[in-house]
Amino acid sequence: MEFLSEVIGEAVVLSIDSLILGLCIKQLSKCKHILNTLQSAPVLGIDSSLQKEISKYPNDVIPYAVVRGLVKPLGNPITSNYNQTVTGVIQRLTIKEHVVARTSAGFWSDQTRTIHEVCNSTPFVLCNGKYSIEVIDALAAELLDLDVISDKFEPMSPGVIDHVWGFFSGVRQRGLQTMEEMLRDGSYITVIGEISKSSGGIKIQPPRDGLPLFLTTATKSSLLKRLSSSKDFLRILLVLFGSIGAIASGRIAYKYIKRRRRKIAEDVMKKQLAAGRKERRAQNRDKNLSEVQLCVVCSENPKEVILLPCGHVCLCEDCSDNIQDKCPICRERIDSRAPAFIT
Ligand SMILES: [Zn+2]
Ligand SMILES: [Zn+2]
């Protein structure tokens, strides 16, 4: 317990650090897995050969493949709320609140909070001439590159009351940002996912084994670059938090060893002092004593200690050191002891 209070700072740092380290390791292994699978994923053209290509794989399913094509809605497209000439297949409307908030350290800092987000989508295909492939569950994509159609910021002009309220609550409103993003029809994108045959043709959807679906304007090679740079970043974090963990554990180990050494030195000193005391007592003792004056345990030294609360004077100091709990005469519990002077 005493040792824990001595290393409480290091223990807190170590536990937070190992939590972050665990998350980093998990993210890194996920990132590596995606990177390796994506590297070996085939890039397929949307054309007459695609059906044949799918048939080569077991159960007519290509687990992870890359296709590029033009976005085309299957029914009516979604029309933009802010620009009537823009149509698309996925629409995301976000309302964000911009505030200046007081942090726990007492500073004021700009913060953004999403207060509302709506996503709409309509079925669509990726096409290349007369050939097409349906994109299923596009909103589940881990990476979804959308065009910003409208981005408006309405500042708030706070009154005196707002200022006072803001001072006490620690949050001052700055304004509202409304943003509309869309995946426009006719845009040329890369989709990476699981390709299989469907009743009407071919579909691409989120893979079954936890790999992410990507809908992006980037090509496979630039996506690989992006993933490998985030892998490098995770590695740096891993080294950083790994070193912090090593330093914290090193400090705990150092303090433990130091404490043990101190304790051993203290014990040696105590033993030396006790031996010295014992020797001095032996020299000072009266050698010509009658039977009743001798310690009941060793029958060698004089009686020197009174046991309380029973009050028996029956032990020499050496034997008193070895008897901890009960009086050897009456078996009563020993609460305290004191030197007895018999003259
Ligand atoms: Zn004795
Ligand atoms: Zn007693």
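Which residues does L215 touch, not counting residues up to four places away in sequence? In this predicted model, the list runs to A138, A141, L143, L144, D145, I189 and V191, where a contact means that two C-beta atoms, placed from the backbone, lie within 7 Å. A word on bookkeeping: residues are numbered from 1 along each chain as its sequence is written, while chains are lettered from A and ligands numbered from 1 in the order in which they are written. Local features need pLDDT of at least 70 and side-chain atom pairs count only at pLDDT 80 or more, whereas totals for chains, interfaces and linings use all residues.

L215 also turns up in the largest nonpolar core, a set of 26 residues in which V67, L126, I133, V135, V191 and L215 touch the most other members. Such a core gathers buried Ala, Val, Leu, Ile, Met, Phe, Trp, Tyr and Cys residues joined through C-beta atoms within 7 Å. Buried here means 20 or more other C-beta atoms within 10 Å of a residue's own, exposed means 12 or fewer, and partly exposed lies in between, with C-beta atoms placed from the backbone. Strands that each supply at least two residues of this core are β2 (61-73), β4 (87-102), β6 (124-128), β7 (131-135), β10 (171-184), β11 (188-197), β12 (202-205) and β13 (214-216). Strands (E, at least two residues) and helices (H or I, at least four) are DSSP runs numbered from the N terminus.

Now for β12 and its partners. A hairpin of 4 linking residues joins β11 to β12, and these two strands pair in the antiparallel sense over 4 bridges; pairing requires that DSSP finds at least two bridges between two strands. Within that pair, I195 has I204 as its bridge partner. β12 also pairs with β7, this time in the parallel sense over 2 bridges, and E134 stands opposite K203. As for the faces of β12, I202 and I204 make up the covered one, with K203 and Q205 on the uncovered one.

G193 sits in β11 and counts as buried because it has 28 C-beta neighbours inside 10 Å. Leaving aside neighbours within four places in sequence, G193 is in contact with I204, Q205, P206, P207 and L213. From G193 to K203, 10 residues on in sequence, the C-alpha to C-alpha distance is 9.6 Å.

Elsewhere, UniProt (unreviewed entry) lists residues 295-331 as "domain: RING-type"; its positions follow the numbering used here, feature names are shortened, and annotations may be inferred rather than shown by experiment. That stretch is 16% helix and 19% strand, with its end C-alpha atoms 16 Å apart.
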